[in-house]
Amino acid sequence: MKFSQYSFTPEIINNLEKIGFKKPTDIQYKSIPAIMKGEDLLAIAQTGTGKTAAFAIPIINDIQKKKRNHKESVIRALVMVPTRELAQQIGEVFTKLGKGTRVNTLALFGGVDQESQIAKLLKGVDVLVTTPGRMFDLHHQRFLSLDKVQTLVLDEADHMLDLGFKKDIVDVMERMPKVRQTLFFSATINAKIKKTAYDLIKSNAIRIQIAPKDPVSKNIKHSVAFVKMDDKRFFLERLIKENPKSKILVFVRTKVRAERVKKAMDRVEIESMTIHGDKAQKDRSSVMNFFRTGKVNVMIATDVSARGIDIANVDYVVNYDLPDVAENYVHRIGRTGRGKEKGDAVSFCANEEKPLLDEIEKFVGKPIKVLELKQDEYRQTVDFSEDTSLSVKELMGQIEELDKKVKKNKKK
Ligand code: ADP
Ligand code: MG
């Protein structure tokens with residue numbers, strides 16, 4: 001079925017065409033009719049499968065139709081997300097899909113001046129995309145009201161319902177009309193959170209799950225390399241130098257490590273930028289812009305960028321450190337291979353991180369392909385400090401050869 005065959009308003013059909021969306025993705029195909037009928041939804045689909053438009057299209061469509069009768073803008077849809085960058089990104093999707101519909105969207109998040117946000121709220125907003133903190137601030141100051149919210153969306157729902165955010169979410173729900181639609185979207189969910197989720201939605205809520213067996217999109221080739229902690233930077237250097245035109249997103253465990261890895265890259269003349277929670281919001285935004293537009297090809301991030309971020313053509317995700325939370329493995333590597341794109345991900349696993357790897361494998365339900373490396377033995381021959389012109393593939397080949405030799409020698 002094509003989008004042009006749906007009963008959306010002409011403006012939405014036109015916007016979809018302009019953006020280049022012809023057919024719904026699986027999750028859109030399944031969710032959109034249910035949302036249009038007013039159902040509550042728990043929708044799980046892999047990273048990069050178009051979950052944003054799956055809720056944005058029917059929400060804009062519904063509000064636009066209602067606005068024909070009462071023209072004033074009040075917050076009718078509230079979309080809650082975990083990070084500022086995600087609020088901004090999803091706000092932009094709503095704005096693009098809603099062009100010409102007079103459905104006004106505001107992305108509201110902390111770390112920036114609230115004056116201009118207040119001005120926009122006072123002018124009237126139909127869709128509010130927000131992180132919990134700033135929304136509560138402005139709600140307490142009575143600049144926004146949730147009395148007319150008819151649809152609540154939790155994107156990255158499992159994360160939003162997890163410990164840190166749950167109280168906020170329940171609080172928000174209490175401030176909204178009892179009769180409303182609640183939509184949960186995520187790429188991952190576990191049994192505990194699923195129960196929490198079901199407690200918060202109508203008992204006849206619909207559950208849609210696409211590709212439940214493998215949470216990792218088939219567009220992503222992912223593997224793990226066993227690397228000593230101290231050797232990780234050499235591997236990263238090599239990977240980047242061999243792929244000078246590639247967009248590479250590197251995840252590290254902490255803010256401090258992000259800066260440290262950047263310094264290590266500086267020393268070998270690799271340009272990179274960092275993004276994490278200790279940076280000023282304007283710096284976070286400009287780093288995102290630089291990476292998005294390709295002005296800088298290497299972004300070193302903490303888990304603040306693990307979820308939801310949709311940047312075209314990320315060629316590699318590198319887990320420089322394994323994530324502490326197994327779910328985040330799926331979200332981090334899901335920053336590549338979006339839509340129809342293909343992507344690669346590699347994780348550097350040091351000895352002390354093996355328990356984390358076990359957790360991740362349990363979560364994804366199968367072992368992760370191993371790039372065979374034997375540190376001590378190949379180190380004698382392959383010297384990373386010297387600039388050889390080997391490619392990673394050749395290097396891996398050499399290492400495998402050495403490996404075989406070592407095994408043979410052992411047998412003798
Ligand atoms: P998810 O939230 O599932 O991770 P997103 O909503 O961020 O995924 O969408 C991933 C990418 O797919 C985006 O770049 C988006 O523009 C694109 N996309 C979404 N829906 C369609 C569609 N129907 N046809 C083509 N591309 C789409
Ligand atoms: Mg998403």
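Biologist: In β2, which residues point one way and which the other, and are they buried or exposed?
Modeller: Bear in mind that this is a predicted model. In a regular strand the side chains alternate between the two faces of the sheet. On β2, A77 and V79 take one side, while L78 and M80 take the other. Whichever way they point, these four are all buried.

Biologist: Which strands pair with β2, and how do they run?
Modeller: β2 covers residues 77-80 and has 4 bridges to β4. Another 4 bridges tie β2 to β5, residues 151-155. With β4 the run is parallel, and with β5 the run is parallel.

Biologist: Are the two faces of β4 covered or open?
Modeller: Take the residues of β4 (127-130) one side at a time. V127 and V129 sit on one side and are buried.

Biologist: What handedness does the unit of β3, α5 and β4 have?
Modeller: β3 (residues 105-108) runs parallel to β4, with 4 bridges between them, and A107 stands opposite V129. Helix α5, residues 115-123, belongs to the β-α-β unit with these two strands. The unit is right-handed.

Biologist: How many residues of α4 are buried?
Modeller: α4 takes in residues 84-97 and reaches 20 Å from its first C-alpha to its last, close to the 20 Å expected. Its buried residues include R84, L86, I90 and F94. Overall α4 is mostly covered, the buried count being 10 of 14.

Biologist: Why does the span of α3 agree with its number of residues?
Modeller: α3 is mostly covered, with 13 of its 17 residues buried. At 1.5 Å a residue, those 17 residues should span 24 Å. The distance agrees because the end C-alpha atoms of α3 are 25 Å apart.

Biologist: Which helix gives the most to the shell around ligand 1?
Modeller: The shell holds 15 residues, and the closest are G50, K51, T52, D310 and G339. By class, 4 are nonpolar, 8 polar and 3 charged. One helix, residues 51-67, gives 3 residues, and that is α3.

Notes: Residues numbered from 1 in each chain as written. Chains lettered and ligands numbered in written order. Predicted model: local features only at pLDDT ≥ 70, side-chain atom pairs only at ≥ 80, totals over all residues. Buried ≥ 20, exposed ≤ 12 C-beta atoms within 10 Å, placed from the backbone. Pairing = 2+ DSSP bridges. Right-handed = clockwise from strand over helix to strand, strands pointing away. Near = placed C-beta within 6 Å. Nonpolar A, V, L, I, M, F, W, Y, C, P; charged D, E, K, R; others polar. Expected span 1.5 Å × (residues − 1).
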